Amino acid sequence: MSDPAITEPAERQELFGRRLRVRYILLTVGIFLPLIWAFVAVRNVYPLTAWTVMMGGGDLQRSHRYFLLRGETVTGEVVNIPAIKLTDALSGRTWGMVVATVDNRAFQLRSLHPENAALLATAGDIVRLPRAARLPELLRAWGEIYNSRLPPSSPQRLKAIRLDTYRWLGQRYSDYDSFIETWRQEL
């Protein structure tokens, strides 16, 4: 391990310090490069998740509503569709958008989109507005994105897309699959 050309203890110490710095630089790059990639790519890739690292566990005291996006293929098969792969968005933001769409929160903004203002004017007020008034458009858009990635003759193309709503009742880590309702959109 010792170099015969190096005889002075100071030279040995300097060589050891350089080798140690190179090791730490490689270790730092090896640790932080995947993390930086996860933040740049804005994807949750196990074990390096960009945004869910600091999230707390579920609150057992209250129930939670959650959604599953599914499609019905032209052959009649039901497939699960990960919405995050359709829009390349953050998972939490995607499902937040779904909750806002189902609850008609876009109609509660101070400055409404003109189409939303017209729909609200037709309904009279937000109470008379049908629940999830804009959800068919969102489902149709997701179905079109999904189908656009497949050849026209593919049996995996969707004929319909649906959003299933479930409720986890809380209190314990079970009973998480209580079906509530579904919305279906023909494509």
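**Buried loops, a core and a patch**

User: Where does N104 sit?

Analyst: N104 is in the loop between helix 3 and helix 4 (114-123). Keep in mind that this is a predicted model.

User: OK, and what makes the phi of N104 worth a look?

Analyst: Most residues other than glycine have a negative phi. N104 isn't a glycine, yet its phi is positive, at about 55 degrees.

User: What about A132: buried or exposed?

Analyst: A132 has 5% relative accessibility, and the cut-off for buried is under 20%, so A132 is buried. A132 lies in the loop between helix 4 and helix 5, and has a positive phi of about 55 degrees despite not being a glycine.

User: Which residues touch the most other members of the largest nonpolar core?

Analyst: That core has 19 residues, and the ones touching the most other members are L69, I81, L135, L139, W142, L163 and W183. Helix 5 is the top contributor, giving five residues.

User: How do you know what L139 is in contact with?

Analyst: Contact means heavy atoms within 4.5 Å. Skipping neighbours within four places in sequence, L139 has such contacts with L69, I161, R162, L163, W183, Q185 and L187.

User: And which residues make the nonpolar surface patch?

Analyst: F16, L20, Y24, L27, I31, F32, I36 and V40 make it, covering about 820 Å². Patch residues need over 30% relative accessible area, so F16, as a member, is above that cut-off. F16 belongs to helix 1 (residues 9-41).

How values were computed:
Residues are numbered from 1 along each chain as its sequence is written. This is a predicted model: local features need pLDDT of at least 70, side-chain atom pairs count only at pLDDT 80 or more; totals for chains, interfaces and linings use all residues. Side-chain values use heavy atoms; hydrogens and water are left out. Patches are made of residues with over 30% relative accessible area and no salt bridge: like charges are joined within 9 Å, nonpolar side chains (Val, Leu, Ile, Met, Phe, Trp, Tyr) within 5 Å. Accessible areas come from the Shrake-Rupley method with a 1.4 Å probe; for residues, only the protein chains shown count as cover. A salt bridge is a side-chain nitrogen of Lys or Arg within 4 Å of a carboxyl oxygen of Asp or Glu. Helices (H or I, at least four residues) and strands (E, at least two) are DSSP runs, numbered from the N terminus. A nonpolar core is a set of buried Ala, Val, Leu, Ile, Met, Phe, Trp, Tyr and Cys residues joined through side-chain atoms within 4.5 Å. Buried means under 20% relative accessible area, exposed over 50%, partly exposed in between (1.4 Å probe, protein chains only).
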